[in-house]
Structure formats: structure tokens, C-alpha cells
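Come along, with the structure open beside you.

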Amino acid sequence: MRLLMTASQIRGLPVVTVRGGEDVAEVRDVIFSPEAGRLVGVTLNKRGFLAGRSRDVLPAEAIHAIGKNALMVLDAPSLVAPEDAPDDVAHPAVERNVIGDDVLTEGGLSLGKVTDLVLLVGSSGEVVGYQIEKPGGGQGYIPLPAQLAVSGAALVVPNITEEFVKDDLVGLGASVDEFRARLGLS
Amino acid sequence: MPDDTVARTPSPTLLQIDTARPDGGKQTWDRDPSRVRILAVGVIDWVIVVVIVLVVASVAFVVIRRRRRGGRVIAAKEEG
Amino acid sequence: MSHLLVDAEQRRIAAVVIGRGKKAQLVEWEQLSGFGPDAVMVVDEGALRPPANDRERAATEGKLELVGKRALSEGGSELGKLDDVTFDTDTGALEELLIGDRRVQAGALMGSGSYAAVLDDSQEASP
């Protein structure tokens, strides 16, 4: 089942094994590739109220599915030690945390600041938009092209994004296809 | 107001405690005032210890929760 | 009889837990000569044995009990609580899982443990 989830909804989800029915970890950081437009992996916390970080990580290939209530893996060995994981996931570039980054159109208009990432989840994680705080205040959602450039502390989006600022996830979900179709035509 | 037909024993004080004797009588125990004073000081020590433990536990709790939170959304670098 | 240990892969009851706590023992399904609502009959007393591994120990502590377990879909959505499970008293094979007012074929069970019972995606479709 594919649905839209924000990165903050994914954070804190229990990681559950399909075969074992055990909650083996919890999602900590969400790592995505703007260029590829998809989820690259997650880092983990241990399960439990006062439990700390887990060394293990989950590259996207090891994720069986992400749903509203849990991130599913096939079994406990799906959790990967950092030395066996891609560098981006094992050692996330914390300085490239996009929360708080400015969103600018190619024409130089500021659409706001990033407050969250929106992903289409199911058996893979595709980045479809950002949740932003608009310059005048208030929350909005903007769709993203399939590939996006990140430079410095600002995210640059196509000019027509300005017309696609939506109020909620439902509005965003409905507009992504039209947005990308328009991009393809221009 | 219930009428006071039952004789009430005086309330025990720190220095004087009345207990009932097996033969039905009353026994008065006089406490050593110097011992009572030491006990009061001991109680304050314990209160201080409990407060310190609570403060340390709260700080530890906050530190652990913050350490674990992470919760960032990170843009991966383009590989090679 | 206090708990049932279910083999989710084979979708059958693997063993029955007798007694509680440290003295709990297991009897494998094949060693049972009779199974009724109030009691089970064992072939002989030698059939009782202590838990042999972590999973069996967890079963004696009731952590793996299916009834009351959270039901999770393979896609990561909560389906509800597993209210009851029916099984064949002759073979020990699980028949149906009752989640709320839905009856699900036991074939949908992919795995179960202390956190959840995982059901395949055929259950995701909303009513």
C-alpha cells in the first residue's frame, strides 16, 4: 500500500521483523538523496524508553516496507553494521540536515524554509515534496521534481513550484503528477 | 460532637510515649532528648540525599533522551 | 495449560506450555494424545520437558501468546488486535485468525513474536 508520510512520521517508528514479529530497533535519522529523489537509508536507535543509539543502520535495500505504524524488515540480520553499509548511511553528513534550509525558486523567490520531507512509501521510498514554513508564517507543502539540486544551505526548485504550494498532504498528493507533467512540458 | 466518655490517652510526644502494658495499665517511656535531636538531623540528611538523587536522575534522563533523539533529515552526498 | 507456542512458518501449534514461571514445561504437539477445552492429555509424563531455547523461554513467559497480540501487516500498518485463533484439534494446524470482526485465513500469517503477529499484504485492503 502506498501512502504519503513525512520524515518526522517515519522517525521513531518501530523496526519490526516480518519473520520474527520482534521490534528490533527504532528509526532515528532519515537519509535521502535529492539527486535520485529517493530514500537512501535510516539510522537507528535501540528500542526502549531510555535506550540509546544503535550502531546498526538500514540502507534502503534492506527495508522491506514502510507503513503507518512500522518499518518492516525481513529478519534481524537485515540490520547492517556500519562497516558493511554505504558511507552515506553509516556516516550521515549531519551538516546536510535540510530542516531549516531555504527553498528558492530558480527565479530567486523564497518559498519558505523546509520543516519536513514528504515521502511516498510502500516498498520503496520516493521523495515527493517538502513541508515548508511559508515566509509570512503558516505551513505549506510543495511538490518536488524527480531530481533536485542542493547547493549550500538553499534548495533550488523550478519556478512553477510557486503555483503548487498546498495546505495539506492530501493536496500535495493530488498535485505531484500534474506538477511533474508540467515540468516535463516546459 | 461525640461525648467524651472514653478517656483519651495523651498524644505521644517526641520525648514521651505511652504504651499499653499487658496487665492493662499504661507505661510511659521517656525518650532521651539528646537522642531525639540526633534523629531530627539524620532525617534532614536523608531529604538532601533524595533531592540530589532526583536531580541527578532528571538530568541523566534528559541527557539520554536528547542523545538518542537524533531525528534529522539528511541529504546524502552524491557518490563517486 | 497456560500458553501455546505457535510455529508461524508452518502455521501450527508446535508445543503447549504447562505450568507457569520457572517450573513451566513444554509438551510438543505430537506428544499430546488428546486436546479439550479444559485439559490436555499427554502420552506420558516423560513428554514434559523444560524450555530449550530463548524462544521457548519467551513462550513460557507468555510473550509469544498470539491471542491479544498486535496484528501488523507486511506493509507496516496495524490491523488491530488478534482476538482469537481457531485451530484443528487433531493436527494442531491454525485455521482462522479473528481480528476485530474480520476472519482471516491462517495462511496469511507470516511470522509472530513478542511485538506483533505479521500478516501478509492480502490483508491491507480496507473494507
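**Entry 1: before starting.** I noted that this is a predicted model.

**Entry 2: chain A against chain B.** I started here and looked up how many residues each chain brings to the contact. Chain A gives 27 residues and chain B gives twelve residues. Next I asked which strands of chain A supply at least two residues of the side that touches chain B. I found strand S3 (23-33) and strand S4 (38-45). S3(A) gives the most, with six residues. Sorted by class, this side of chain A holds 15 nonpolar, five polar and seven charged residues.

**Entry 3: a pairing across that contact.** I stayed with S3(A) and looked for its pairing with chain B. S3(A) pairs with strand S3 (residues 73-75) of chain B in the parallel sense, over three bridges.

**Entry 4: chain A against chain C.** How many residues does each chain put into this contact? I read off 18 residues from chain A and 17 residues from chain C. On the side of chain A that touches chain C, the elements giving two or more residues are strand S2 (14-17), strand S6 (65-66) and strand S7 (71-73) of chain A. The classes on this side are eight nonpolar, six polar and four charged residues.

Entry 5: I then turned to chain C itself.

**Entry 6: a sheet in chain C.** I traced six strands in an open sheet, in the order S9-S8-S7-S6-S11-S10 (chain C), with mixed pairing. Which strands are at the edges? They are strand S9 (102-105) and strand S10 (109-112) of chain C, each pairing on one side only. Direction ignored, neighbouring strands of this sheet are turned by 40° against each other on average.

Entry 7: I finished at S9(C). Strand S8 (residues 94-99) of chain C runs antiparallel to S9(C), and four bridges join them. Across this pair, C:Glu96 stands opposite C:Gln105 in S9(C).

Note on methods: Residues numbered from 1 in each chain as written. Chains lettered and ligands numbered in written order. Predicted model: local features only at pLDDT ≥ 70, side-chain atom pairs only at ≥ 80, totals over all residues. Contact = placed C-beta atoms within 7 Å. Nonpolar A, V, L, I, M, F, W, Y, C, P; charged D, E, K, R; others polar. Pairing = 2+ DSSP bridges. Axes fitted to C-alpha atoms, helices over the stretch in contact; angles between N-to-C directions.
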